[in-house]
Every structure is written in structure tokens, then in C-alpha cells.
Amino acid sequence: NVKKIFNAQVDSGKKYYEVLELILEKNNKKISNYKNVLEIGSSAGGILSYFLSKGHNVHAMDYDERYLNYAYQSGIKNIYNNLEKINTKFDLIILAHTFEHFKDLNKNINLICNLLKENGLVFFDIPGIFNKEYYHIRNIIYDIQRTHFLYYLQNAHTYYFTSETFNNFIK
């Protein structure tokens, strides 16, 4: 259900916005100065929709035409379906549950860096396992999938990161 996905993404967009706002304020910067925003792996565009509502110029990049069409119908007019064909520079690039899907991390991180304006910012949200209690058998009452760690290992993810491995890669 694309509408349901979009609405969940809007909630995530609000959370991301608030996190970025706090981080930037601690560094005496304002999120409002990061006008041009690209989301790589934008899906239905809900995250960008929240940024759009805050006055940002948003751009969506995804490979799924169905999601891109929904994003377009939701007001996101700057749409891309190929990362390598984008020739605009961005103040902020968002990768929410996307980076772990890349096949060639070095190639893609270089593409991303080339799309970033000087002093721009890349925001990553990468799935991880933060609390072993989340997978406890008692959760079978609420959500059976949460009880099995292997549910989170999927063939769509070509990489899995710990905070240490991710930080080492970025450095």
C-alpha cells in the first residue's frame, strides 16, 4: 500500500528533520540553510514531503517508477531514476535504509560526494540491531516476525554494518 508507506515516511521525515535541526544547531548552523535536498532511495517520497512542507527544494531518486509516480503526484516535482545522471549539487543528501542495498559502496559513495555542495551534509539511516530484547520470544504475542533475528537478514541487503564498520568505511 503506497499511501501507507508514504504516510509512514512522512513521520520518519519529521524525526529526521528534528534530529538534523538539533545537530546543526549544536554547530551554530540552521537546517533552513540546507535548501536543496536529495533523497536517494526515496520510495514514495514521504520523507521529502515533510522537508518540502518546511520550505526545502526537494529531489527524489529511486528506481521504482510506481513510487516515483506517487511522489510526483504528492508534489515532488524533481524526480530521478538514475543516480549517475543527476548533475545538480545538493546541500543535504538523505539515504534512509538505502546504503545497505548498494552493490558497489565505493562507486556510490563517490557519486554521492560529487553531488554534494561544499559544506554539504549526508544523512544516513542504516538499519541495525540496537536492543536484544526486541527479539525476545515474549514478542510472539505482538509480532511474530520480531522474534526471529534472521527475519532481519535479507537478500536485498548486500551489506550489514555496525557503527564501527560504517564509521571505518566513511573515514
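**Strands, salt bridges and a pocket**

Guide: Let's start in the sheet: β4 and β5 pair in the parallel sense, over 6 bridges. Two strands count as paired if DSSP finds at least two bridges between them. This is a predicted model, with residues numbered from 1 along each chain as its sequence is written. Local features need pLDDT of at least 70 and side-chain atom pairs 80 or more, while totals for chains, interfaces and linings use all residues; side-chain values use heavy atoms, without hydrogens and water.

Visitor: How many helices and strands are there in the protein chain?

Guide: 5 helices and 5 strands. Helices (H or I, at least four residues) and strands (E, at least two) are DSSP runs, numbered from the N terminus. Read from that end, the order is α-β-α-β-α-β-β-α-β-α.

Visitor: Which residue is the bridge partner of Leu-38 in β4?

Guide: Ile-93. That strand, β4, pairs with β1 too, in the parallel sense over 3 bridges. Ile-93 also has a bridge partner in β5, namely Val-122.

Visitor: How many residues of β4 are buried?

Guide: 7 of 7, so β4 is largely enclosed by the rest of the structure. Buried means under 20% relative accessible area, exposed over 50%, and partly exposed in between (1.4 Å probe, protein chains only). Over the 171 residues of the protein chain, 37% count as buried.

Visitor: How many salt bridges does a search of the whole structure find?

Guide: The search finds 3. The rule is a side-chain nitrogen of Lys or Arg within 4 Å of a carboxyl oxygen of Asp or Glu. Take Asp-91 and Lys-117, whose side chains meet at 3.5 Å, N to O. This pair links distant parts of the chain, with Asp-91 in β4 and Lys-117 in β5 (residues 116-125), 26 residues apart. Asp-91 is buried at 12% relative accessible area, whereas Lys-117 is partly exposed at 31%.

Visitor: What does Glu-84 form a salt bridge with?

Guide: With Lys-107, the closest N and O atoms being 3.0 Å apart. Glu-84 sits in the loop between β3 (78-80) and β4 (90-96) and Lys-107 in α4, so the pair ties together parts 23 residues apart in sequence. Lys-107 is partly exposed, at 40%.

Then there's Glu-18 with Lys-14, at 3.3 Å, N to O. Those two are 4 residues apart in helix α1, about one helical turn. Glu-18 is partly exposed at 35%, and so is Lys-14 at 41%.

Visitor: What volume does the largest pocket have?

Guide: First the idea: rolling a probe the size of a water molecule over the atoms shows where empty space is left. A pocket is an open set of points on a 1 Å grid over the protein atoms alone where a 1.4 Å probe fits, with protein on both sides within 12 Å along at least five of seven lines; lining residues have an atom within 4 Å of a point. Here the volume is about 890 Å³. Of its 31 lining residues, the closest to the centre are Gly-41, Ala-96, His-97, Thr-98 and His-101.

Visitor: Which element gives the most to the lining of the largest pocket?

Guide: α1, with 5 residues. The elements giving two or more residues are α1 (2-26), β1 (36-40) and α4 (105-115).

Methods
Points joined across faces, edges and corners; volume = space filled by probe spheres on them.
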